[in-house]
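Let's take a friendly walk through this structure together. Keep the sequence and the 3D view at hand as you read.

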Amino acid sequence: MELDVDPFAPDVLADPVPTDTAIREAARVVWLPAHGVWAAGRHADVAAVFRDWSTWSSAAGTGLADIRRGEGWRPPSVLLDADPPAHTAARRVMNRVLAPRALAELAARFAEVAARVVDDAVAVGEVDAAVALAERFPMTVLPDAVGMAPEGREHLLPYAALNFESMGPHNELRADAERRAGGAREYVTWQMRRDALSDDGIGAAIYAHAAAGDIGADDAALLVRSFLSAGIDTTILALGSAVHELARRPGQWAVLRDDPDLARAAFEEALRLHTPSPVIGRTATREVAIGDTVVRADEKLLMMLGAANRDPRRWDAPDSYDLHRKAAGHTAFGAGVHNCVGQVIARMEAEALLGALARRVARIEPAGPSRPRLSNWLRGFASVPVRLTAA
Ligand code: HEM
């Protein structure tokens, strides 16, 4: 079935849920003539596509472009843009360096920085939480954890924007990200190198695996690059969405204040409701039927993760934000062999920041409307004005 909607049109990006709903409810899979791709928005179908990597390949890229035709904007990722078996060795290394045990000693530092970030925001009183909380915290702890140099970090967000906008169509958002990128590409090429990383961070741990022969040195550099592209904007947006919801729902805020250990639940619900990375592509390796629709080999399918995360077939009251919901099974971190390798560290960041908020802030209220972030490949808020009262 053909559906004449464009998920990347500016008005849709400002208010994406109606279009997500239209795609999900029209059929199990719909053809989007605006981009010459298929789209699937039902939870069960998205989960099935994620799990079947041999039918649904990542090697043509997970954005709109077919990178096998040289349409990619950067050298392919050895992780995101690879299928097993090419994907397997790199993924094993990332699983090791990002395992909960390997990250355990970061928790104390995360808690200390979170307390400082929250206290600074409370001292000001009225802040843009998208910047003062959601951006400042990961921008401090993640580059430190990787072992990035202090200089040049101002390039991280422009580089991440270039990365995510380039997954979408050649529109104004993408052109703007390219204009703003400045020296970001050169910075990233430099920061990926072993000699630009500290000796005690996750970056050095990846290079240690290269030295042991588990992966090649070029692969190590590309794996370090994935922290610079995939790991920061997504987390910033998820944290900002959690604060946006908590500021608007005094009942849910009271639940979190009573039990700050629900910080994790506050994060998972934000991920489900405002899915920071709402669209992921795959390419069919063979002809495959979804219901009575046939997708031919080499055609691209967009998994609409935001739509799946509000699918009423899967979730009761899907549009509500509820800390007591069992949000496990949301697709915001993907699933299957490519499931987000950074999810442990993202959750540690969220527990630290939202936990500090719950312990150190008595009241949180909106100080104005939140402004959505307009992006081809990301979802959340560019601005979340709030008023904070100390506990
Ligand atoms: C809230 C924050 C995050 C969200 C919503 C998110 C989302 C996702 C999603 C949906 C995928 C699946 C892509 C696919 O199937 O093609 C993914 C994969 C990935 N993520 Fe995350 N991510 C987050 C945080 C992070 C962090 C902190 C890091 C780095 C430390 C990271 C690194 C990666 C990498 C390298 C992959 C590719 C894994 C593979 O292909 O095997 N992400 N992420």
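## Two helices side by side

T235, A238, L239 and A242 in α14 meet A346, E349, A350, L353 and L354 in α18. Contact here means that the C-beta atoms of two residues, placed from the backbone, lie within 7 Å, while helices (H or I, at least four residues) and strands (E, at least two) are DSSP runs, numbered from the N terminus. The residues of this contact divide into seven nonpolar, one polar and one charged; Ala, Val, Leu, Ile, Met, Phe, Trp, Tyr, Cys and Pro count as nonpolar, Asp, Glu, Lys and Arg as charged, and the others, Gly among them, as polar.

Two packed helices are described by the angle between their axes and the distance between the axes. α14 and α18 pack at an angle of about 35°, with their axes 11 Å apart. Axes are lines fitted to C-alpha atoms, for helices over the stretch in contact, and angles run from 0 to 180 degrees between N-to-C directions.

## About the model

This is a predicted model, in which local features need pLDDT of at least 70 and side-chain atom pairs count only at pLDDT 80 or more, whereas totals for chains, interfaces and linings use all residues. Residues are numbered from 1 along each chain as its sequence is written.

In soluble globular proteins, nonpolar side chains tend to be buried together. The largest nonpolar core in this model has 119 residues, and those with the most contacts inside it are L133, L223, L239, V243, A266, M304 and L353. Helix α18 (residues 343-360) gives this core its largest share, 10 residues. Such a core is a set of buried Ala, Val, Leu, Ile, Met, Phe, Trp, Tyr and Cys residues joined through C-beta atoms within 7 Å. A residue is buried if 20 or more other C-beta atoms lie within 10 Å of its own, exposed if 12 or fewer, and partly exposed in between, with C-beta atoms placed from the backbone.

Which residues does M304 contact, leaving aside its neighbours within four places in sequence? They are D20, I23, R24, A39, A40, G41, P278 and V279.

## An enclosed helix

Helix α9 (residues 156-165) is largely enclosed by the rest of the structure, because eight of its 10 residues are buried. Those buried residues are L156, Y159, A160, A161, L162, N163, F164 and E165. Their cover includes α8 (136-146), α10 (172-180), α11 (184-191), α13 (217-230) and α14 (233-248).

## Around the ligand

The ligand is surrounded by 25 residues, and the closest are G231, T234, G334, C340 and G342. A residue is near a molecule if its C-beta atom, placed from the backbone, lies within 6 Å of it. The elements that give two or more residues to this shell are α13, α14 and α18. By type, the shell holds 14 nonpolar residues, 10 polar and one charged.

## Backbone points to look at

Most residues other than glycine have a negative phi, and most peptide bonds are trans. In this model a cis peptide bond joins P84 and P85, with omega about 5°. P85 sits in the loop between β3 (56-57) and α4 (86-97). P76 is also placed in the loop between β3 and α4; P76 touches I67 and D81, not counting residues up to four places away in sequence.

D298 lies in the loop between β7 (293-295) and β8 (300-304) and is partly exposed, with 14 other C-beta atoms within 10 Å. A317 belongs to the loop between α17 (305-308) and α18, and counts as exposed with 9 C-beta neighbours inside 10 Å.

## Toward the start of the chain

L13 touches F8, L374 and S375, not counting residues up to four places away in sequence. The C-alpha atoms of L13 and R379 are separated by 8.1 Å, although these residues are 366 residues apart along the chain.

E25 lies in helix α2 (residues 17-26) and is partly exposed, with 13 other C-beta atoms within 10 Å. Between the C-alpha atoms of E25 and A40, 15 residues apart along the chain, the separation is 9.8 Å.
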